[in-house]
Structure formats: structure tokens, C-alpha cells
Amino acid sequence: MLPIAYHPIYKYPLPEGHRFPMIKYELLPQQLLHEGTVTESDFHAPGLPEMQHILAVHDRQYVDSLLNLTLDARAVRKIGFPLSAELTERELRITQGTIWGCGQALQYGIAFNIAGGTHHAYSTRGEAFCLLNDQAIGAKYLLDNKLAQKVLIVDLDVHQGNGTAEIFVGNNAVFTFSMHGKSNYPFKKETSDQDIALPDNTGDEEYLSILRATLPKLIDEQKPDFIFYLSGVDILASDKLGKLCIIAGCRERDKFVLSLCQKLNIPVQCSMGGGYSPEIKTIIEAHANTYRVAKEIFT
């Protein structure tokens, strides 16, 4: 079984100019079902989270402004999407999908969220299409409920997990690791517990070599009992918003990370993160590979 959180509102329609990034949330489940990687029984439609889990990470005034649609215009511009009740509900359900996935990963070893990876959301504000930080909320949920003692967040999106870094600064129960493009957004980086900033045009061989040299050592040092994996596919050479030059290495990256989790018996929750290649089929294929690899390893 591959437990996967997905709700129809994940594909919430946006005004012209914002639609393209959202198409994948509809097409990815269809592709996985069509090819037989998963079945309908693998999917779970998350409800709404308990507010205490959101407020364990995010400032109450900010959360109230989201719920009441009273964010000021500047804050909305930083998010990048027009604020609406539907958008806020979408973010809440994505967050609950990751919380649900935590329990599923503890039971089955791995769980997925078709969306999520909203790592640019800070404790007090949203940014870059991220309103609530789903994996940060999931990590705090595990710790507060004594379901984990040490959490490792492995963020391999092309963009640094700046919001996640800010949320957990000084929190020794969560170790934040971000390997990203040096000259990619955000241009003013936060400080994760460990950052690896890659130069433009880093290719498959160098990327994988660095990851293979870093992650096992990091796990050995930190000894996490739960891992969150942000598996953004915007590391691809074709990506419009990325500056790395990964071709076949995206699948190999996923295989390495997930094999390591399985070998070490560390539960892992995966959120999809970014992907902005010009052709939607490129994005879907790269995301689908994460699930295909997981099926090979965990079932």
C-alpha cells in the first residue's frame, strides 16, 4: 500500500496566469491510476485540521487573517495567489493531508501528499505560493504527540526552505537540511541547520555525489526517528524557475533517499514541492517517478 493524501480541492482553479502550476494536481493521480502504480484504495481525501496543530507553528494573528480573508494587499502579493476562501481551504486540507500522512508513514513506512511542500511559509506570513507550512506543522504534530523524538526535514526542492528554517531555528528536536540552487529564489536565504547551495548548472553526477556523501552521514549524526522529504522536481534542467541541470538524476535522487529510509527503518512522509518545466508531461513524469520508486522499495 502507498498511502496518498489527495482532495479534489487540490486542483482549485485560479485566475488566468496562475493555472498552469495547478494542473499537475489533477493529472498526477490520473497518471498513477492509469499505469497501475496505485489503486483508488491508496487515496485518502483529507478533512480540515484541528486549529491547535496550525497554531503550534503559525502565529494566531496571521492564521486569523487567512481565515477571515483580511490579509493586507502587500501580504497577499508576497503569497502570489489572490486570497480566497477556496484557496485557504485548499491549504488547510493539504496541511491535514500531511498530518494524516504522518500516521500512515508510522504504520506503513511511507506516505505521500500529492501537494504540500509549502516550505516558504513562515511562522508569521505566507510567501511564494505557500500559506501554511505543511511539513513543519506535521513535524510539530509528531513531537507534541510524542510520536517522534527527533525529526529530520530533507528539502531537495531547487528553492531553499526558508520558511521551514525560520520556524525551527533553535529547536533541537528538528533538524532542517536544504540542498538547493545557490542563485535561485529566495534571494535572501535563511539559515537551515545544514544548507548546501549548489552553483548554476550543477549536473546529475555532481548532484548525486554530494547527496550520497551528505545524507547518510547526517542521519547517522542526528539519529532521526522520522523524516520529511520534500521531493521537488524543479531541479530538472528543463525547469523554468530552476537553475540546476539535472536530467536523469531526479529519479535516482528519489531512489537513494527512499531506499535509505527503508533500509534504516525510518518512516518518511513525502510532499511533492515544485515543478515548473514548460511541458506538463515532463512535470508529471518526474513526480510519478517518485511514486514508482516508492512502490519498488516499500511494497
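**A guided reading of the predicted chain**

Of the 299 residues of the chain, 58% count as buried, where buried means under 20% relative accessible area, exposed means over 50%, and partly exposed lies in between (1.4 Å probe, protein chains only). The model is predicted, and for that reason local features need pLDDT of at least 70 and side-chain atom pairs count only at pLDDT 80 or more, while totals for chains, interfaces and linings use all residues. Residues are numbered from 1 along each chain as its sequence is written, and side-chain values use heavy atoms, with hydrogens and water left out.

The overall dimensions come next. The C-alpha atoms fill a box of roughly 45 × 40 × 40 Å along the principal axes. A compact globule of 299 residues would have a radius of gyration near 19 Å, and the 17 Å of this chain agrees with that; the radius is taken over C-alpha atoms, and the globule rule is 2.2 Å times the number of residues to the power 0.38. The chain exposes about 12300 Å², of which carbon and sulfur atoms supply 51%, the areas coming from the Shrake-Rupley method with a 1.4 Å probe and, for residues, with only the protein chains shown as cover. Among contacts with a separation of 6 or more, 75% are between residues 24 or more positions apart, a contact being heavy atoms within 4.5 Å.

The chain has 10 helices and 8 strands; helices (H or I, at least four residues) and strands (E, at least two) are DSSP runs numbered from the N terminus.

S7, helix H9 (residues 249–263) and S8 make a right-handed β-α-β unit; a crossover is right-handed if, with the strands pointing away from the viewer, the path from the first strand over the helix to the second runs clockwise.

The largest nonpolar core has 90 residues, and those with the most contacts inside it are Ile114, Phe177, Tyr207, Leu215 and Leu258. Its largest share, 9 residues, comes from helix H10 (residues 280–298). Such a core is a set of buried Ala, Val, Leu, Ile, Met, Phe, Trp, Tyr and Cys residues joined through side-chain atoms within 4.5 Å. Leaving aside neighbours within four places in sequence, Leu215 is in contact with Leu152, Val154, Phe177, Phe256, Val257 and Leu260.

Thr37 lies in the loop between helix H1 (20–34) and strand S2 (43–44) and counts as buried at 10% relative accessibility. Its C-alpha atom is 9.8 Å from that of Val293, 256 residues apart along the chain.
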